[in-house]
Amino acid sequence: MMMKKKLIYSFFLVVLIGGILFLYNAFNGNPISKFLAKKELKTYLAETYPDEEFYIEDGFYNFKFGSYDFNVVLIGEEDAEYEVTLTGFIKPEIWYDDIYYSRLDEPLIEKLSREASEEVLGLLEKEVDHIVTLDVEIEVSQGTYPKDTAWDKSLTLEKPLNFHIVLDSTTKTKEDTLQSAQVIQTLLNDARYNYERVTINGNILDEEGKEIADTGYVKYALSFNPDTTLKLKDIDEHE
């Protein structure tokens with residue numbers, strides 16, 4: 001009888017300790033994951049910025065996103081402190097690099113994005129007549145091109161393009177949205193745009209929304225890359 005009580009006591013003790021460790025890990029991470037994240041960060045900085053030297057401050061676990069956040073100081077440059085975030089416990093990966101984003105040429109990006117959007121819209125609206133908005137996400141670093149550089153799809157960019165499209169799907173069906181997405185994918189591929197992803201929201205617009213090109217309420221949503229074989233099940237329907 002005494003042995004049985006000890007086993008029950010031991011079982012609940014293990015469960016209690018396990019629960020405490022689980023909660024601690026959920027809110028504070030664990031030393032092993034933090035060590036692996038910092039090790040991966042050192043490798044990433046050395047490979048990505050080989051001509052610069054950084055000091056990595058002690059990171060902390062962000063329980064909201066399940067990530068490790070580190071402040072990174074560029075040695076030799078006053079007040080040059082950046083945040084780099086990694087996710088993943090066994091094999092951490094870079095999720096956000098403030099160094100990279102701080103060096104993007106924002107004015108040129110805005111100019112090129114506007115020009116690229118106009119060009120792509122002109123291509124797509126010939127066959128898809130219910131496009132409300134189209135935005136092109138472009139990333140180019142400072143010093144890569146002169147400030148007055150005009151958009152051309154042959155430009156060398158930091159990353160492939162991303163397209164964000166809103167369709168007027170007020171009277172459209174799920175099948176209509178699939179067909180529009182297939183046409184858009186074909187046109188972009190045939191025109192040889194180097195893109196990573198297209199995100200489409202098919203929205204419900206009232207008359208005022210149509211006049212001011214408001215984004216309205218999402219009715220259908222999907223995304224695809226150049227090689228995606230689009231199917232009806234890929235479209236999320238919102239009520």
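A residue is called buried when its relative accessible area is under 20%, exposed when it is over 50%, and partly exposed in between (1.4 Å probe, protein chains only). The model is predicted: local features need pLDDT of at least 70, side-chain atom pairs count only at pLDDT 80 or more, and totals for chains, interfaces and linings use all residues. Residues are numbered from 1 along each chain as its sequence is written, and side-chain values use heavy atoms, with hydrogens and water left out.

**Exercise 1.** State what percentage of the chain's residues is buried.

*Solution.* The chain has 239 residues. Buried residues make up 35% of them.

**Exercise 2.** Describe helix α4 and what covers its buried residues.

*Solution.* Step one: helices are DSSP runs of H or I with at least four residues, and strands are runs of E with at least two, numbered from the N terminus. Step two: α4 spans residues 106–124. Step three: its buried residues include L108, I109 and L112. Step four: their cover includes β6 (131–137), β7 (161–168) and α5 (174–190), where contact means heavy atoms within 4.5 Å.

**Exercise 3.** Determine which strand supplies the largest share of the lining of the largest pocket, and classify that lining.

*Solution.* Step one: β5 supplies the largest share, four residues. Step two: β5 (93–97) and α3 (98–102) each supply at least two. Step three: by class, the lining has six nonpolar, no polar and three charged residues. Here Ala, Val, Leu, Ile, Met, Phe, Trp, Tyr, Cys and Pro count as nonpolar, Asp, Glu, Lys and Arg as charged, and the others, Gly among them, as polar.

Methods:
The expected span of a helix is 1.5 Å times one less than its number of residues.
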